[in-house]
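Here is a colleague's note for someone opening this structure for the first time. Please read the points with the structure in view.

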Amino acid sequence: LGAVLLAIAVVVPASISTFGLASYFGIAFSAPAQLVPSFLLAIGVSYSVHLVTIFMTDRGEGRTPADSLEHALRHSGLPILMTGMTTAAGLLSFMAAEMKPIQEMGMISTIGVGVMLCYSMVLLPALLSILPLSGREVKSEGVVDRILAALAVSSARHPWPIVIVTAVLVAGAFVGMTRLYASSDPVSWFPEDHPYRVAADLLGERYGGTSAIEIVVDTGRENGIKDPELMRRLEQIEVIAEEFKANGARLSHTNSIVDIVKETHQALNENDPEYYVIPSDPLLLSQELLLFENSGSDDLEKVVDSQFSRARFTLRSYWTDGVYMGPFLDEFEPRVQEAIGEMADVKFTGMSSLMARTVDAVQESMIRSYALALALITPLMILLIGSLRSGLVSMVPNLVPILLTLGLMGYAGIPLDMFTLLAGCIAIGLAVDDSIHFISGFRRYQDQGYDPVTAVERTMQTTGRALLFTSIALTMGFAVLLMSEMLNLRQVGALTTFAIATAFLLDVTVTPALLVLTHRKELVESTEVPSP
């Protein structure tokens, strides 16, 4: 209990310090940053487990606190630093995302990893050295240890079946990935009976939608909007919108200076419907706008600037997923550009345009972030492990979980959005932790003269339990998100939990198999094994 409380006493202050530093540096706590507390608590516990486990075991054998701490740091200190660096590299990949909230989440998480490392490698050893912890009695291998060791040794002795099964799973994942699709629909994250979602549906039903496509028409000259020809071209946008609406576009109505001009002209002509048109005389048009401006109404300020050089044209739309709005805008924007011609510059903005752009940004961000994560982590793993062969081997069980997770998303119909995008990069950064500890132990025993199979067995005997329980800590840290009422957080929790659990299973099966295959020469040449 004392060791557990000690780990908590290190992890919680480190998490608080992280958000204090983020605030100091002016980094906003955006929506995706909701994932950071669970993430920091999980990795902090995993760092502490490796160090405290060896310390408590040594204390149980009768060693002094100083000797136990020195042995624990020699055994796990470097791997912990290595895992921190690779995790930070995975999080830094978020900086390549186009969306600022994801960039901010990456910055906060990277700061958090650095802070957590400092607390785990400085404060935790200090507390271990001064607190009266008596350690624990060394017991013979339990059922869990025997199962893990048998699993790893079986994989090492029969590597090809493991590799073949993994290849089949990856092939199935690629099939699932063909079903992936992007989404940008925050309303769908809420339960159907949630007040926000009910209100959004009500606004759409009664008031013509909760989002809009905003078109800014800039003539670049004072009073350029008062040109009757430009007014008629703005009116043409209404015709184009009605055409798209008739073909199924989820548009409700439009609003612009054209409506004010036509209504004013009709009102000044005894409300005759025939005069619901745009005046062809520039002087008359200017005078009628002046009359309306002096009438006390502020409606004109909402659709045109004070210099009458820029106008705002609003298309009110019903709420829909941005994935459907994108194709509509791809067809609609050229038609509007053609209608306005060279008379003015046209720019599209508004909530609907933003949601449509988010879909493209998610896809581009996924490619950039995943590519950058691999580009950062792969050479870092090779450098830290000190072997090109072992470094490349270590990446296989870290990439396969990501592929399986993406395949699962395709089969389960989980879309790529601003939140599910995060699961892959977080998982890459965390999955390498087990690989580093396993391969570090493997190389340590190999340097002592053991053949690859025996090195795998002894590695699992010494680090298997720690790997298991750190993986459990990480999965439980994200599994708490499954209790959220928000669908997006539940999806991230499920996907990250799946990826981390899969990474652990691959580390105790695929990693031993690949290590034996890539070190087969040493296995053949080995003629004797040192006694334990």
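1. **Make-up and overall form.** The protein chain has 18 helices and four strands. Its radius of gyration is 31 Å, while the globule rule gives 24 Å for 532 residues, so the chain is more spread out than a compact globule. Along the principal axes, the C-alpha trace spans about 105 × 50 × 40 Å. Keep in mind that this is a predicted model.

2. **Burial and surface.** Of the 532 residues, 52% count as buried. The protein chain exposes about 24100 Å². Carbon and sulfur atoms supply 60% of that area.

3. **Contacts along the chain.** Consider the contacts between residues at least 6 apart in sequence. Of these, 80% join residues at least 24 apart.

4. **The largest nonpolar core.** Which residues touch the most other members of this core? They are F39, I43 and I426, in a core of 78 residues. Helix α2 (residues 36-60) gives the largest share, eleven residues. F39 shows how the packing is made up. Leaving aside neighbours within four places in sequence, F39 is in contact with T87, L91, S109, V113, I426, L430 and F478. One of these partners, I426, is itself among the residues that touch the most other core members.

5. **A156, a buried helix residue.** A156 sits in helix α5 (residues 143-157). Is A156 buried or exposed? Its relative accessible area is 2%, under the 20% cut-off, so A156 counts as buried. Residues up to four places away in sequence are not counted here: A156 touches V453, V456, P512 and V516. A156 and T454 are 298 residues apart in sequence, yet their C-alpha atoms are 9.1 Å apart in space.

6. **E98, a loop residue.** E98 is placed in the loop between α3 (65-92) and α4 (100-130). At 32% relative accessibility, E98 is partly exposed. Beyond its neighbours within four places in sequence, E98 is in contact with Q103, R357, A361, E364, S365 and R368.

7. How many salt bridges does the structure hold? It holds ten. One of them joins the side chains of E214 and R312, at 2.9 Å from N to O. E214 lies in strand β1 (residues 211-218) and R312 in strand β3 (residues 310-317), so the pair ties together parts that are 98 residues apart in sequence. The two partners can be set side by side for accessibility. E214 is buried at 12% relative accessibility, whereas R312 is partly exposed at 38%.

8. **Salt bridges: R221 and D227.** The side chains of R221 and D227 meet in a salt bridge, at 3.9 Å from N to O. R221 is partly exposed, with a relative accessible area of 37%. D227 is also partly exposed, at 25%.

9. E229 forms a salt bridge with R233, and the closest N and O atoms are 3.1 Å apart. Both residues lie in helix α8 (residues 228-246). They are four residues apart, about one turn of the helix. E229 is partly exposed at 33%, and R233 is partly exposed at 24%. Salt bridges that share partners join E229, R232 and R233 into one network.

10. Which residues make the nonpolar surface patch of about 690 Å²? They are L1, V4, L5, I8, V12, I16 and L41. Helix α1 (residues 2-24) gives the most to the patch, with five residues. L1 is found in the segment before α1. Its relative accessibility is 80%, over the 50% cut-off, so L1 counts as exposed.

Key: Residues are numbered from 1 along each chain as its sequence is written. This is a predicted model: local features need pLDDT of at least 70, side-chain atom pairs count only at pLDDT 80 or more; totals for chains, interfaces and linings use all residues. Side-chain values use heavy atoms; hydrogens and water are left out. A nonpolar core is a set of buried Ala, Val, Leu, Ile, Met, Phe, Trp, Tyr and Cys residues joined through side-chain atoms within 4.5 Å. Buried means under 20% relative accessible area, exposed over 50%, partly exposed in between (1.4 Å probe, protein chains only). Helices (H or I, at least four residues) and strands (E, at least two) are DSSP runs, numbered from the N terminus. Contact means heavy atoms within 4.5 Å. Patches are made of residues with over 30% relative accessible area and no salt bridge: like charges are joined within 9 Å, nonpolar side chains (Val, Leu, Ile, Met, Phe, Trp, Tyr) within 5 Å. Accessible areas come from the Shrake-Rupley method with a 1.4 Å probe; for residues, only the protein chains shown count as cover. A salt bridge is a side-chain nitrogen of Lys or Arg within 4 Å of a carboxyl oxygen of Asp or Glu. The radius of gyration is taken over C-alpha atoms; the globule rule is 2.2 Å times the number of residues to the power 0.38.
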